[in-house]
Each structure stands twice: as C-alpha cells, then as structure tokens.
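Please look over the sequence and the model shown here before reading on. The report that follows goes through the parts of the structure in turn.

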Amino acid sequence: MLALKNQIIIAIADKKKQSELTQLVMEQQAKSIACTSYAEAEKYLKQGREWTVLICDGAEKKQLSEEHKRLLKTAKTLETPILMV
C-alpha cells in the first residue's frame with residue numbers, strides 16, 4: 001500500500017471510480033484533487049507543486065487521446081509517478 005498520509009493526489013475518473021478513489025485516499029488520510037478531464041489535471045501538474053501520484057482512468061483504451069498523451073508527457077517531464085486505473 002502506498003504511504004499517502006498528508007500527500008496530494010490528482011484523481012481522474014468517472015463518478016463511480018471517483019468515489020472508490022476518494023475512499024482510498026481518505027483511508028490513507030491524504031489530500032486529494034479530483035479532476036474530470038486530462039486538461040484539468042495537466043493544469044494542476046503545471047502549477048509547479050510536487051505531486052505524490054497522478055491517478056488516471058481510461059488506461060484500458062487502445063488509443064490514447066491527444067489530451068491524455070500530453071498529460072502523460074507533462075507528468076513524465078515533471079517526474080510525477082502515475083498510477084493508471
């Protein structure tokens with residue numbers, strides 16, 4: 001299990017998965033920001049803060065959207081760990 005206490009997480013997911021992720025985050029006593037789009041998550045990444053982990057939904061899609069690819073590139077550049085769900 002990740003040690004997330006007092007860390008910040010960006011979560012991107014549909015409503016059902018957001019509630020599951022929110023529960024996980026709350027169990028770990030971590031702070032979270034729930035994003036509903038890759039563009040919104042990229043905005044948070046570019047704020048210059050160090051994020052603990054970026055949780056993305058939609059990894060099962062065979063072809064990633066351009067927004068998703070741009071977000072992954074930004075996260076890699078900023079050395080932000082990514083967990084695809």
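## Helix 2 and its surroundings

The buried residues of helix 2 are Tyr38, Ala41, Glu42, Tyr44 and Leu45, where buried means under 20% relative accessible area, exposed over 50%, and partly exposed in between, with a 1.4 Å probe and only protein chains counted. Seen down the axis of helix 2, these buried residues fall within an arc of 160°, so they line one face of the helix; the arc is that of the directions from the helix axis to the C-beta atoms.

This is a predicted model, in which local features need pLDDT of at least 70 and side-chain atom pairs count only at pLDDT 80 or more, while totals for chains, interfaces and linings use all residues. Residues are numbered from 1 along each chain as its sequence is written, and side-chain values use heavy atoms, with hydrogens and water left out.

The protein chain holds 3 helices and 4 strands, which follow one another from the N terminus as β-α-β-α-β-α-β; helices (H or I, at least four residues) and strands (E, at least two) are DSSP runs, numbered from the N terminus. Of the 85 residues in the protein chain, 36% are buried.

A nonpolar core is a set of buried Ala, Val, Leu, Ile, Met, Phe, Trp, Tyr and Cys residues joined through side-chain atoms within 4.5 Å. The largest such core has 13 residues, of which Ile10, Cys35, Ala41, Leu45, Trp51, Leu54 and Leu71 touch the most other members.

A second, separate core of 8 residues includes Ala11, Val25, Val53 and Ile55.

Not counting residues up to four places away in sequence, Cys35 touches Ile10, Ala11, Ile12, Ala13, Gln18, Glu40, Ala41 and Tyr44. Thr74, which has its place in helix 3, is buried with a relative accessible area of 12%, and with the neighbours up to four places away in sequence again left out, Thr74 touches Glu42, Leu45 and Lys46.

Lys43 lies over the face of Tyr44, at 4.9 Å from the ring centre, by a rule that asks for NZ of Lys or CZ of Arg within 6 Å of the ring centre and within 35 degrees of the ring normal.

Technical notes
Contact = heavy atoms within 4.5 Å.
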